[in-house]
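Student: I have just been handed this entry and would like to talk it through. Could we go over it together?
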Amino acid sequence: MKHDYSMKHLRPWSIVIGTLFFVAAALSGVLTKVPVFCPLHRFTGIPCASCGLTRAITALCHGDVITAVHYHLAAPMVFLVWIGIVLISFFELWTDRDILGSLWLRWGKVATWLGLIIILTGWGINLIEWAKQNAVG
Ligand SMILES: [Zn+2]
C-alpha cells in the first residue's frame, strides 16, 4: 500500500481550525485591540490594500455590515468567499475528496482577477478617505 505523504489532506483541517480560532478571537473582541502590524501603515500612515480587512471581517462576525464596509469595501465579498471555502472544506472532510483544488484549477485565474479588482477598489476608497483626513488646509 502506497502512503500519501503530501500535506494536501491537512488543508481542510487547517482551514476549519483556523476559522474557528479567528471567529473566537473576533467574537471575544481581541482583534479590535491588537496593534497595527502593517508596515506601510505603521511607517507612513498610508493604508495598504488590505488595511481594515481584519476589523471589517471582525465586524461581519458580529453581523455589522455597515461598519465592515466602512473599514473595507471588499470585506463582504471576502467574507462570503471565506464562508464558501469553509463549507467546501467541511464537505471535503466529509467526502474525502479534493474539491478546492479542482475548483482552483478551473476558476483560479478568474477568482484572482476578480479578487484583485475588488480589493483594489476597496483600497482606492480607503486611500481617498485617508487623503481627505490628511488634507492640508
Ligand atoms: Zn495594511
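This is a predicted model: local features need pLDDT of at least 70, side-chain atom pairs count only at pLDDT 80 or more; totals for chains, interfaces and linings use all residues.

Student: Which ones are they, in α3?
Tutor: The buried residues of α3 are L53, T54, A56, I57, T58, A59 and L60.

Student: And what do the buried residues of α3 pack against?
Tutor: They pack against three helices: α1, α4 (65-71) and α5. After α3 comes G63, which has a positive phi near 80 degrees.

Student: Stepping back, what is the secondary structure of the protein?
Tutor: The protein has 6 helices and 0 strands. Along the sequence, the pattern reads α-α-α-α-α-α.

Student: What does the C-alpha trace span along its principal axes?
Tutor: The span is about 75 × 35 × 30 Å. Of the 137 residues of the protein, 15% count as buried. Among contacts between residues at least 6 apart in sequence, 48% join residues at least 24 apart.

Student: Now α1 and α5. At what angle do they pack?
Tutor: Helix α1 (residues 11-28) and helix α5 (residues 75-95) pack at about 130 degrees, and their axes are 9 Å apart. The two helices are therefore oblique to each other.

Student: Is the crossing of α1 and α5 left-handed or right-handed?
Tutor: The crossing is left-handed.

Student: Which residues meet there, between α1 and α5?
Tutor: From α1, the residues are P12, I15, V16 and T19. They meet I85, V86, S89, F90, E92 and L93 of α5. By class, this contact has 7 nonpolar, 2 polar and 1 charged residues.

Student: Another topic: what is the phi of D96?
Tutor: D96 has a positive phi of about 55 degrees, although it is not a glycine. Most residues other than glycine have a negative phi.

Student: Where is D96 found?
Tutor: D96 lies in the loop between α5 and α6 (100-133).

Student: Does D96 count as buried or exposed there?
Tutor: D96 counts as exposed, because it has 8 C-beta neighbours inside 10 Å, and a residue is exposed if that number is 12 or fewer.

How values were computed
Residues are numbered from 1 along each chain as its sequence is written. Axes are lines fitted to C-alpha atoms, for helices over the stretch in contact, and angles run from 0 to 180 degrees between N-to-C directions. Helices (H or I, at least four residues) and strands (E, at least two) are DSSP runs, numbered from the N terminus. Angles under 35 degrees count as roughly parallel, over 145 as roughly antiparallel, 65 to 115 as roughly perpendicular and the rest as oblique. A crossing is left-handed if the near helix is turned anticlockwise from the far one by less than a right angle, and right-handed if clockwise. Two residues are in contact if their C-beta atoms, placed from the backbone, lie within 7 Å. Ala, Val, Leu, Ile, Met, Phe, Trp, Tyr, Cys and Pro count as nonpolar, Asp, Glu, Lys and Arg as charged, and the others, Gly among them, as polar. A residue is buried if 20 or more other C-beta atoms lie within 10 Å of its own, exposed if 12 or fewer, and partly exposed in between; C-beta atoms are placed from the backbone.
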